[in-house]
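Biologist: Hi! I'm new to this one, could you walk me through it?
Modeller: Happy to, let's have it on screen.

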Amino acid sequence: MAMNTDKNSYTVIFAVIMVVVVGSILAFLSTGLRSRINENERFEKQQNILYAMGVNENEGDGDVSFIPTDKVEETFSKYIKKQIILEGDKTTEDQEAYLIEMKKELDIIKKGGEGKLPLFIGEKDGKEFYIIPMYGKGLWDAIWGYISLDKNLIVQGVYFDHKGETPGLGANIKLRFFMDDFKGESIEDGARLAGIEVAKGNNDPLNQDKEDNQVDALAGATITGNGVSAMIKEALTLYKPYLTTLK
Amino acid sequence: MALLSKKDASLISDPLADNNPITIQVLGICSALAITAELKASVVMAISVMFVLGVGNVVISLMRNVIPSKIRIIVQLIVVATLVIIVDQVLKAFAYELSKTLSVFVGLIITNCIIMGRFEAFALGNGPWRSFLDGIGNSLGYGIILVIVGFFRELLGSGTLFGYPVLGDPIEKTGLYALGYENNGFMIIPPAALIVVGIIIWVQRSRNRALIEEA
């Protein structure tokens with residue numbers, strides 16, 4: 001092919017064709033896969049919520065296994081008895097509350113508006129769980145998760161996830177040894193809503209002190225850890241009016 | 001090797017040793033520092049880069065006669081980004097769990113200097129097959145350093161390999177820890193990777209003095 005690839009006109013035409021071709025491929029792919037991806041994301045939310053209330057398929061010490069995707073919808077409706085939305089003073093029930101994106105709602109609230117705050121009430125072995133979604137920021141990107149409380153405001157379980165924390169350091173917030181530390185901690189300090197701090201100097205690596213509102217931090221992941229503390233605190237503050245009615 | 005001519009085989013073997021992208025060309029250092037705190041992440045990153053570099057090199061090589069030289073860098077960037085996004089989307093639809101593990105690496109792959117470097121230095125001037133071999137060779141060379149660094153950082157920093165405790169339990173004080181051994185917390189922060197890479201560079205150059213650059 002004897003083509004002068006240095007000509008300006010050629011460069012422009014090449015650029016245009018390239019952009020159109022690449023754009024179409026990506027648009028086509030994205031539309032084609034959208035429904036499947038949405039479904040996966042929906043299942044993931046259900047799995048995470050169930051995980052926080054202790055409905056999972058964990059085997060052994062370090063394992064984090066969710067209810068499999070083919071069973072998750074059924075399991076979700078079995079354990080989650082009620083999904084409610086708190087909006088200002090109003091409380092409404094909504095079967096799709098779990099699809100609410102916390103990021104958007106928190107943005108609205110920060111701007112002074114009234115965001116929709118979803119809350120899930122689960123029941124397992126005759127015991128009630130109140131599951132709160134959380135959203136915050138870690139070192140590199142977003143972190144989020146769910147925290148489940150009983151009616152005495154004792155943590156029954158948590159689930160954390162992240163978009164881009166450092167593998168081996170901040171990314172470890174989604175490992176069992178970290179998440180399990182939260183179980184049994186009280187979020188209250190006396191009558192004050194203290195949240196749970198990811199603390200570097202609590203001298204309690206086995207996490208035997210459940211009254212200190214602290215869990216042992218991850219080495220090398222200070223900012224992610226602080227992000228987790230801040231995220232829990234923010235969520236609990238937002239849900240405080242509801243939580244105080246539980247006791 | 002009967003499968004590859006001697007010249008082709010050197011495309012694979014050179015980057016593993018005397019022309020290693022990390023220790024000799026000093027490319028791709030950023031990701032080598034970022035994700036080598038554990039062995040598993042090193043392996044995942046190495047495989048991802050191998051895929052992107054192998055396929056990307058072939059694509060660029062096939063397009064090498066039609067790419068206008070003025071905008072070739074942008075074209076290369078678009079090819080890498082497109083490949084990575086395609087892989088990401090397909091995984092999200094069909095292997096959601098895997099895609100979550102890899103999401104951290106997506107950004108690091110696009111900006112990996114080795115990928116752009118090989119496109120520019122090799123694929124633009126060579127045929128698809130040789131470019132493919134070059135891509136595989138360089139990503140292996142990159143991967144092997146990642147694995148070595150990951151091995152030492154995870155072993156000395158956390159006392160585990162692939163997440164399995166190999167030195168005993170640091171909290172219960174079993175195994176080596178019973179003798180007073182402690183994990184070195186410094187190893188899991190990124191500067192430690194720089195030191196490990198530095199030691200590898202030192203060892204490699206002292207074994208083969210021809211590699212030492214003239215000051």
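**The sheet in chain A**

Modeller: Strand 4 of chain A and strand 5 of chain A pair in the antiparallel sense, over eight bridges. Two strands count as paired if DSSP finds at least two bridges between them, and strands (E, at least two residues) and helices (H or I, at least four) are DSSP runs numbered from the N terminus. This is a predicted model, where local features need pLDDT of at least 70, side-chain atom pairs count only at pLDDT 80 or more, and totals for chains, interfaces and linings use all residues. Residues are numbered from 1 along each chain as its sequence is written, chains are lettered from A and ligands numbered from 1 in the order in which they are written, and side-chain values use heavy atoms, leaving out hydrogens and water.

Biologist: What joins strand 4 of chain A to strand 5 of chain A?
Modeller: A hairpin, through four residues. Across that pairing, G136(A) has I143(A) of strand 5 as its bridge partner.

Biologist: And how many bridges link strand 5 and strand 6 of chain A?
Modeller: Seven, again in the antiparallel sense, with strand 5 covering residues 142–149. I147(A) sits opposite V158(A) of strand 6, and S148(A) faces G157(A) in strand 6. Their hairpin has five residues between the strands, and L153(A) takes a positive phi near 60° there.

Biologist: Is strand 5 of chain A mostly buried or exposed?
Modeller: Seven of its eight residues are buried, so strand 5 of chain A is largely enclosed by the rest of the structure. Buried means under 20% relative accessible area, exposed means over 50%, and partly exposed is in between (1.4 Å probe, protein chains only).

Biologist: Which residues touch the most other members of the largest nonpolar core?
Modeller: F160(A) and F182(A), out of 62 residues in that core. Helix 5 (residues 222–243) of chain A gives the most to this core, with eight residues. A nonpolar core here is a set of buried Ala, Val, Leu, Ile, Met, Phe, Trp, Tyr and Cys residues joined through side-chain atoms within 4.5 Å.

Biologist: What does F182(A) touch?
Modeller: Its contacts (heavy atoms within 4.5 Å) include V155(A), F160(A), V198(A) and I232(A), leaving aside residues up to four places away in sequence.

Biologist: Switching to chain B, where does UniProt put "transmembrane region"?
Modeller: The unreviewed UniProt entry gives residues 41–62, 74–95, 101–119, 140–164 and 184–203 of chain B. Those positions use the numbering here, feature names are shortened, and annotations may be inferred rather than shown by experiment. Residues 74–95 of chain B are 95% helix and 0% strand, with end C-alpha atoms 30 Å apart. For residues 184–203 of chain B, the span is 65% helix and 0% strand, and the end C-alpha atoms lie 22 Å apart.
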